[in-house]
Structures are given as C-alpha cells and as structure tokens.
Amino acid sequence: MAIKFEQVNFSYPSFDGTNFSALKDINLEINEFGEFITLIGETGSGKSTLVQHMNALVRPTTGSVTIYGIKIENDTKKKGKVKLNPLRQRVGLVFQFPEYQLFEETVLKDIIFGPKNFGVSNEDAIKRAKEVIKHVGLDEEYLKRSPFNLSGGEKKRVSIAGILAMEPDILVLDEPTSGLDPKGRDDLLKLFTDIHRKLNKTVIIITHDMNTVYKYASRVLVMNDGSLVYDGKPTELFSTNNIENWNLDIPDIISITRQLEERLNIKFNSQPKTIEDLFILVKEVI
Ligand SMILES: Nc1ncnc2c1ncn2[C@@H]1O[C@H](COP(=O)(O)OP(=O)(O)OP(=O)(O)O)[C@@H](O)[C@H]1O
Ligand SMILES: [Mg+2]
C-alpha cells in the first residue's frame, strides 16, 4: 500500500476564529501500481484539500495519512525527524493553479529545481528537462522563456513538466486539463495513460469532465461536502441515482445512448464506452 488515509479530518481556520471542516472521516487506500484514478465532486467538495494530504503538503487535523510507510499526523512536524522530501519526490503533485508552482526566472530553472533538490546532477536534470518539455507538447525553445510570460495552458504544461522531471512513483494531477483546448487536453490525457500503461504507475487526476472519467478511469472517487461518498468503478457510479444528489453530470456517451433508447423504444444489451461501440449496437437493431 503506497498511501493510506485513516479517519482523516481536516479543518481550515476561519477569520472569525471558527474552523471550516473541509475533510470528514476519510478512509482511503491507494496502490503504488496499476491504478488510473479520477477524483471528482462539485466545487468546494474537498478534492484539492484531499490530494494535498497525499504528499504531506498539509497534515490532517485528526487521523493519519501513511505515505510509503511514513505516518503523517497533526503533530508530525513538531516531533521532527520525519523527512518529507523523499515523499514529495515519490508522490508528485501538480497543483490546480500553476502560479503556485512556478517561481524561477526561466522555464528550465523551474523544471530542474525539483530533480536537483532530490540529488540529480545539474547535467542530468537538464537532460530530463529537454525530454519532459517535449512530452507535455512544448518545444525546447520554451526552456529559455520566463514562466510568467506564458499563456495559462502553457503554464499548466510547464508545471506538469516540472513534476514529470522528478520521475515520481505516483502522479497526482489537480485539474491538469482545465483551460486547455480539446487537442491539448487529449494529448495530455494520452501522455498520462502512457505513463500509467507503459510504466505501470498509479495516476490520480482531479477533473470535472465526466467524459474523461468514463473513458480513462479504472477507479473513481467522489467527494461531496468533505466526505468520500463513492470509491469504485465508473460504470457502476453512472448507473446509480446518486449522480444528481452529488451534482455530477453523466458522460455524453451515456446520455446519447439513453436518448436513442428512448426514441427507438429499445433497450441495448450493454452500455457502450465509445461512439464506435454505439454504432455497432445500433446496426444490430435497425
Ligand atoms: N486556504 C483555505 N482557507 C479556508 N478555507 C479553504 C481554503 N482552501 C479551501 N478552503 C475551503 O475548503 C473547501 C474545500 O476546498 P477545495 O479547494 O479542497 O475544494 P475542491 O473540491 O478542490 O474545489 P474546486 O473544484 O473548486 O477546485 C471549500 O469550501 C473551500 O472554500
Ligand atoms: Mg480544487
């Protein structure tokens, strides 16, 4: 088990002295290998707060998160001794807002910062930067640019490159494709599926796009008002009635299939995953 949440509660302090409870009694296990997880839920449901616990960026108010055998509790820092750096290398977290992550004067310096911090030589870090910048769909010229003068989508790609350069065991991405054009989104999702399939790494993606969930995820987690309300397969999730209660959409392919069934007054034997699968089913009945 790579990451284990046990009875995790987390509260943000408020200005008026009261606390805002953002995570409630979370129990969750994440494997190191083979999972492609999407984390969904309406705005403010606690998704970003949850993933920030996965590499000890924040500590639980109560309960514990064990990351590669190291138990993180509220007073962990005070106890000293615990080295968090290796955890941050093993669980790479790409922030929802790239501005939180980019701070160096050039893209190159930004990308090599992480690997160098974890002991990679300058030369090897530069080599990695030249590779990962291409993987995220930008050419090498970008390495010379200032990260602050890039478009939103370019900043997002650079922040992803910076985490890929650390070669983490688990890749956690907080809304990595928001604000990207459709091709950019599909290219990046292909990159994440390649990392998952070829390197057998666990990838966790926060998204509001149910098509992504349905097409790619092997497991889906749903947050609702600070609680983890679903942990299972996407196919089962979208056949439950809870979708509306949790303010989630259904994927386009499911919606089209249902409309067709209604209009043709038939019931298909299975729920297609792609439009091509749907064509095959339609051909069988007409
Ligand atoms: N720094 C903070 N201080 C106080 N409250 C916060 C802070 N960050 C987040 N919150 C609150 O905690 C709750 C969960 O926030 P979080 O960012 O985890 O939600 P989210 O599910 O990622 O939402 P989104 O889909 O909009 O990114 C929200 O109600 C939010 O207002
Ligand atoms: Mg968020």
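**Exercise 1.** Find which residues of α11 meet which residues of α12, and describe how the two helices pack.

*Solution.* Start with the contact, which means heavy atoms within 4.5 Å. From α11 come I253, I256, T257 and L260, and they meet I275, L278 and V282 of α12. Sorted by class, this contact has six nonpolar, one polar and no charged residues. (Ala, Val, Leu, Ile, Met, Phe, Trp, Tyr, Cys and Pro count as nonpolar, Asp, Glu, Lys and Arg as charged, and the others, Gly among them, as polar.)

This is a predicted model, where local features need pLDDT of at least 70 and side-chain atom pairs count only at 80 or more, while totals for chains, interfaces and linings use all residues. Residues are numbered from 1 along each chain as its sequence is written, chains are lettered from A and ligands numbered from 1 in the order in which they are written, and side-chain values use heavy atoms, with hydrogens and water left out.

Next comes the geometry. Helix α11 covers residues 252–264 and helix α12 residues 275–285; they pack at an angle of about 15°, with axes 10 Å apart. The pair is therefore roughly parallel (angles under 35 degrees; over 145 is roughly antiparallel, 65 to 115 roughly perpendicular and the rest oblique). Finally, α11 and α12 cross in a right-handed way.

**Exercise 2.** At what angle do α4 and α5 pack, and which residues make the contact?

*Solution.* Helix α5 spans residues 122–135, and α4 packs with α5 at about 120°, the axes being 9 Å apart. That angle makes α4 oblique to α5. The α4 side of the contact is V107, L108, I111, I112, P115 and K116, and the α5 side is N122, A125, I126, R128, A129, V132 and I133. By class there are 10 nonpolar, one polar and two charged residues in this contact.

**Exercise 3.** Work out how α6 lies against α7.

*Solution.* Helix α7 runs over residues 182–198, and α6 packs with α7 at about 10°, with axes 13 Å apart. That makes α6 roughly parallel to α7. R157, I160 and L164 of α6 meet G184, L188, L191, F192 and I195 of α7. The classes here are six nonpolar, one polar and one charged.

**Exercise 4.** Which helix gives the most to the lining of the largest pocket?

*Solution.* List the contributors: α3 (85–90), α4 (107–117) and α6 (152–164) each supply at least two lining residues. Among the helices, α4 gives the most, with five residues. The lining residues divide into 12 nonpolar, seven polar and two charged.

Terms used. Helices (H or I, at least four residues) and strands (E, at least two) are DSSP runs, numbered from the N terminus. Axes are lines fitted to C-alpha atoms, for helices over the stretch in contact, and angles run from 0 to 180 degrees between N-to-C directions. A crossing is left-handed if the near helix is turned anticlockwise from the far one by less than a right angle, and right-handed if clockwise.
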